[in-house]
Amino acid sequence: HWRSVNNYVEKAVVSTQSTGKRGKPKKRAQRATSNVFAMFDQTQIQEFKEAFNMIDQNHDGFICKEDLHDMLASLGQEPTDAHLEGMINEAAGPINFTMFLTMFGEKLNGTDPEETIMNAFQCFDEDSTGKVHEDYLRELLTTMGDRFTDDEVDEMFRGAPIDSDGLFDYNAFVRLIKHGSKDE
């Protein structure tokens, strides 16, 4: 749902970097203390703030359904109410700047929730064994969606839990990418 917003944010960040323009400071929304600010340097946080302010069309410090609609319409899209509701409901609460930064921090750092990653693998595990053959997984990754190159698949498989029968244990893999190895 947020792919269009992500593209908009990237364009806004690139735009502000290339023009050097800085908007007037807007009234700040109250925010809770959050570790999300430690994920980015001050320049990145400022760029996200500028993107947030561009999306927050009514300048109330929160991104609402109407703000999303206006932003997506400016990109030539005609989102349905259900699509907009789905986007708003991805947040754990009202989308103030801290929530916005948290959502993009998670997306940019590849930290989809564990359940989301597991569900993606389970779609290709017809027998619900928790494993997918590495050749089948390679084929899927190189021919569907955002296609991986063979080198990218090789990199992913390096150190991945693949048994002697060539079965990729996606449960162990998800634990590894979400929690690190036991040594860490």
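Are Phe 157 and Phe 168 buried or exposed? Both Phe 157 and Phe 168 are buried, where buried means under 20% relative accessible area, exposed means over 50%, and partly exposed lies in between (1.4 Å probe, protein chains only).

## Basis of the analysis

This is a predicted model, in which local features need pLDDT of at least 70 and side-chain atom pairs count only at pLDDT 80 or more, while totals for chains, interfaces and linings use all residues. Residues are numbered from 1 along each chain as its sequence is written, and side-chain values use heavy atoms, with hydrogens and water left out.

Helices (H or I, at least four residues) and strands (E, at least two) are DSSP runs, numbered from the N terminus.

## Helix 3

Helix 3 spans residues 65–74, and its buried residues are Asp 67, Leu 68, Met 71 and Leu 72. Viewed down the axis of helix 3, these buried residues fall within an arc of 125 degrees, so they line one face of the helix. The arc is taken from the directions that run from the helix axis to the C-beta atoms.

Gly 76 follows helix 3 and has a positive phi, near 85 degrees.

## Salt bridges

Side chains of opposite charge can pair when their charged atoms come close. A salt bridge is counted here when a side-chain nitrogen of Lys or Arg lies within 4 Å of a carboxyl oxygen of Asp or Glu. The count by this rule comes to six salt bridges. One of them joins Lys 65 and Glu 85, whose closest N and O atoms are 3.1 Å apart. Lys 65 lies in helix 3 and Glu 85 in helix 4 (residues 81–89), so the pair ties together parts that are 20 residues apart in sequence. Both partners are partly exposed: Lys 65 has a relative accessible area of 22%, and Glu 85 has a relative accessibility of 34%.

A further salt bridge connects the side chains of Asp 150 and Arg 138 (3.5 Å, N to O). Asp 150 belongs to helix 8 (residues 150–157) and Arg 138 to helix 7 (residues 134–143), so this pair ties together parts that are twelve residues apart in sequence. Asp 150 is partly exposed at 47% relative accessibility, and Arg 138 is partly exposed with a relative accessible area of 22%. The side chains of Glu 155 and Arg 158 also meet in a salt bridge, at 2.3 Å from N to O. Arg 158 is exposed, its relative accessible area being 57%.

## Aromatic pairs

Rings of Phe, Tyr and Trp (its six-membered ring) pair if their centres lie within 6.5 Å; planes under 30 degrees apart count as stacked, over 60 as edge-to-face and the rest as tilted. The search of the whole structure finds nine aromatic pairs. Among them, Phe 124 and Tyr 136 have ring centres 6.5 Å apart and planes at 75 degrees, so the pair is edge-to-face. This pair links distant parts of the chain, twelve residues apart: Phe 124 lies in the loop between helix 6 (114–122) and strand 1 (131–133), and Tyr 136 in helix 7. Phe 124 is partly exposed at 30% relative accessible area, as is Tyr 136 at 34%.

The ring centres of Phe 157 and Phe 168 are 5.8 Å apart and their planes stand at 45 degrees, so the pair is tilted. Phe 157 in helix 8 and Phe 168 in strand 2 (residues 167–169) are eleven residues apart, and their pair links distant parts of the chain. One aromatic cluster is formed by Phe 121, Phe 157, Phe 168, Tyr 170 and Phe 173.
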